[in-house]
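Please have a look at the picture first.

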Amino acid sequence: MLLKLIKTREFISGAHCEVWEINHETGNRLLGEVFVLNEHLPLELIYRVTVTVRGICIQGRHCGWQWESARLEVAVTEYLKVVQECREEIRIEVCEPEPKLPGYPDVNYHPGDFGEEFTPIIVPLNEDFDE
């Protein structure tokens with residue numbers, strides 16, 4: 001299972017983030033919104049997630065997220081615990097939101113760069129250009 005922690009707004013003390021479940025078969029699903037203090041905010045990489053009695057842990061350390069509500073925290077933790085009990089590995093990617101560009105990332109803004117119609121211009125270095 002892949003989760004995404006998307007930083008939506010950054011503050012001096014931390015970041016407001018969305019936690020998404022990424023599923024290519026059933027579609028992506030927003031699990032909830034959290035506030036993560038800077039000391040608990042991991043670098044933008046992919047980490048292993050485990051669920052313990054203490055809650056959600058990233059790389060063995062309690063994540064320290066502040067959820068919108070205690071009820072939502074319990075619901076997401078229980079859901080991830082069920083996934084973990086099925087012996088499915090849970091990973092989380094920490095990232096910025098995708099830019100809001102039309103068609104991103106499917107639009108090729110430079111279609112001729114590597115196509116057949118691209119003809120390189122060769123400028124010789126040791127010839128005189130005045131001739």
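Let me begin with strand β2, residues 14-22, which is mostly covered, since seven of its nine residues are buried. Buried here means under 20% relative accessible area, while exposed means over 50% and partly exposed lies in between, with a 1.4 Å probe and protein chains only. Strands are DSSP runs of E with at least two residues, helices are runs of H or I with at least four, and both are numbered from the N terminus.

Before going further, a word on the source: this is a predicted model, in which local features need pLDDT of at least 70 and side-chain atom pairs count only at pLDDT 80 or more, whereas totals for chains, interfaces and linings use all residues. Residues are numbered from 1 along each chain as its sequence is written, and side-chain values use heavy atoms, with hydrogens and water left out.

Now to the neighbours of β2, where two strands pair if DSSP finds at least two bridges between them. Strand β1, residues 2-10, runs antiparallel to β2 and is joined to it by eight bridges, with K4 having W20 as its bridge partner in β2, and a hairpin of three residues connects β1 to β2. Strand β3, residues 29-37, also pairs with β2 in the antiparallel sense, over eight bridges, and here A15 stands opposite V36 in β3. The hairpin of β2 and β3 has six residues between the strands, and in it G27 takes a positive phi near 100 degrees.

Finally, the cysteines: how many disulfides does the structure hold? There are zero, a disulfide being a pair of cysteine sulfur atoms within 2.5 Å. For C95, the closest cysteine sulfur is in C17, and because it lies 9.3 Å away, it is too far for a bond. C95 counts as buried because its relative accessibility is 9%, whereas C86, at 59%, counts as exposed.
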